[in-house]
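Grab your viewer and work through the exercises below. Try each task before you read its solution.

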Amino acid sequence: MAAPTLLKDLQVTEQQYSWILNTFQSTIMLQPLCGYLMDAIGLKLAFAIFAVAWSLICMAHGLAHQWPALAALRGLLGLAEGSANPAGMKATAEWFPAKERGFAGGLFNIGASVGSMLAPPLVGFAIYYYNWQMAFVLTGAIGLLWATLWLCFYHSPDQHPKLSPAERDYIVSGQERHLRGDGTRPSVRSILQRRNFWGIALPRFLADPTWGTLTFWLPLYLSQVRHFNLKAIALTAWLPFLAADLGCMFGGVVVAFLQKRGVTLINARRGAFTLGACLMTGMAAVGFVQNPVAALALLCLGGFAHQTLSVTVITMSSDLFKRNEVATVAGLAGTCGNAGVFAFNLIIGGLVTAIGYTPFFIGLAVLDLVGAAVLWTVVRVPSTATTA
């Protein structure tokens, strides 16, 4: 959101901007380290450390006066931010029975969409009345507030002081017996050797560039191609993320709908992913429509479709792996997803001035269809898996 103003202020080119983005992407790919730490020392303490670090690093962005310094800070931020997805999946795996994980996963994924939805007006306000530096200070301060609330209120089910025995039994009895953790530390080598890991990691590699495009390139696209000013971007750039919120919930609804009709849990997840990939084909037309409102509507469809499929494949780490492995698996799969964003950013940064954005919108639609094919052909349903 701050990119058009920031690039002008620091005299940053599109190529340099892609390098800044990829410094972030290269370090967020280290999120298996975050996931492993959470599996090893516990979710509450580990996530609090990362959240506080993220907030302080975010606020420090206001001190950057040249693009290399900004790139370095983005790199540190990526390392801390890599904790978010593994933490969300581990909390979901701990707190919910199998039949509720899809809906719960959709709810926690809404957090990213809501944040991205609130960012344009918040950042636009900060830039308009203060400067782009204030935008980073405000978001970092919000992060510190959140970290305080997390430390005060989060507990695992076996330690929560207000959880009744009946509710605790309901959670445990609804979780797959073959996926219950044994207390040992996860083996990264063992995880990487399993077919099912690559069955969910490769679709994330192919699908996550959509989220990176909406997050990092949408404001520039609206500014450079659709000629939106800062006010127009602040008023409209949040709409695709509102649509993404709805997609988070829609994915869980589709899975529940299919399960009620006798489809197994894993196949229901694959069905929801495939539906989202089909809806993503509408995004391929963004560059061909003349009306900016129509283009924005197609971008909203892309946000909705992406989160429909994204939440389902992210949740599958808790469907296919043991509780003491979930955060590590989610981190490793997240690394693959961010590697896809990394590659896509490099390509956009190097070619967008020469060929425009249209080929990239087409590519995003095709990649998701390929991801659906991988999910159906590579993932194998465990023989002891529940259909709940």
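Buried means under 20% relative accessible area, exposed over 50%, and partly exposed in between, with a 1.4 Å probe and protein chains only. This is a predicted model, where local features need pLDDT of at least 70, side-chain atom pairs count only at pLDDT 80 or more, and totals for chains, interfaces and linings use all residues. Residues are numbered from 1 along each chain as its sequence is written, and side-chain values use heavy atoms, with hydrogens and water left out.

**Exercise 1: cysteines**

Work out how many disulfides there are, and find the cysteine sulfur nearest to that of C34.

Step 1. A disulfide is a covalent bond between the sulfur atoms of two cysteines. The rule here asks for a pair of cysteine sulfur atoms within 2.5 Å.

Step 2. Apply that rule and you get 0 disulfides. For C34, the nearest cysteine sulfur belongs to C336, 15 Å away. C300 is in no disulfide either, with the sulfur of C248 its nearest, at 14 Å.

Step 3. Now check accessibility. C34 has a relative accessible area of 0%, so it is buried. C300 comes out at 15%, so it is buried as well.

**Exercise 2: the cavity**

Find the largest cavity and say which residues line it.

Step 1. Rolling a probe the size of a water molecule over the atoms shows where empty space is left. On a 1 Å grid over the protein atoms alone, a cavity is a set of points where a 1.4 Å probe fits but cannot get out, and lining residues have an atom within 4 Å of a point. Points are joined across faces, edges and corners, and the volume is the space filled by probe spheres set on them.

Step 2. There is 1 cavity of 30 Å³ or more. The largest cavity holds about 40 Å³ of space.

Step 3. Its lining is made of T213, L214, W217, L218, Y221, L299, Y357 and F361. Helix α12, residues 209-224, gives the most, with 5 residues. (Helices are DSSP runs of H or I, at least four residues, numbered from the N terminus.)

Step 4. Sort the lining by type, with Ala, Val, Leu, Ile, Met, Phe, Trp, Tyr, Cys and Pro as nonpolar, Asp, Glu, Lys and Arg as charged, and the others, Gly among them, as polar. You end up with 7 nonpolar, 1 polar and no charged residues.

**Exercise 3: the nonpolar cores**

Which residues in the largest nonpolar core touch the most other members?

Step 1. A nonpolar core is a set of buried Ala, Val, Leu, Ile, Met, Phe, Trp, Tyr and Cys residues joined through side-chain atoms within 4.5 Å.

Step 2. The largest core has 81 residues, and Y17, I200 and L299 touch the most other members. Another core lies apart from it, with 15 residues, including F47, A48, F50 and A327.

Step 3. Zoom in on I200. With contact meaning heavy atoms within 4.5 Å, and residues up to four places away in sequence not counted, I200 touches V313, M316, S317, L320, F321, V329, L375 and V379.

**Exercise 4: loops**

Look at Q11 and H227: what are their phi values?

Step 1. Q11, in the loop between α1 (3-10) and α2 (14-28), has a positive phi of about 55 degrees although it is not a glycine. Q11 has 69% relative accessibility, so it counts as exposed.

Step 2. H227, in the loop between α12 and α13 (230-236), has a positive phi near 60 degrees, and it isn't a glycine either. At 65%, H227 is exposed.

Step 3. For a buried loop residue, take D208, between α11 (195-207) and α12, with a relative accessible area of 10%.

Terms used:
1 Å grid on protein atoms, 1.4 Å probe; cavity = no way out; pocket = protein on both sides within 12 Å on 5 of 7 lines; lining within 4 Å. Helix = DSSP H or I, 4+ residues; strand = E, 2+ residues; numbered from the N terminus.
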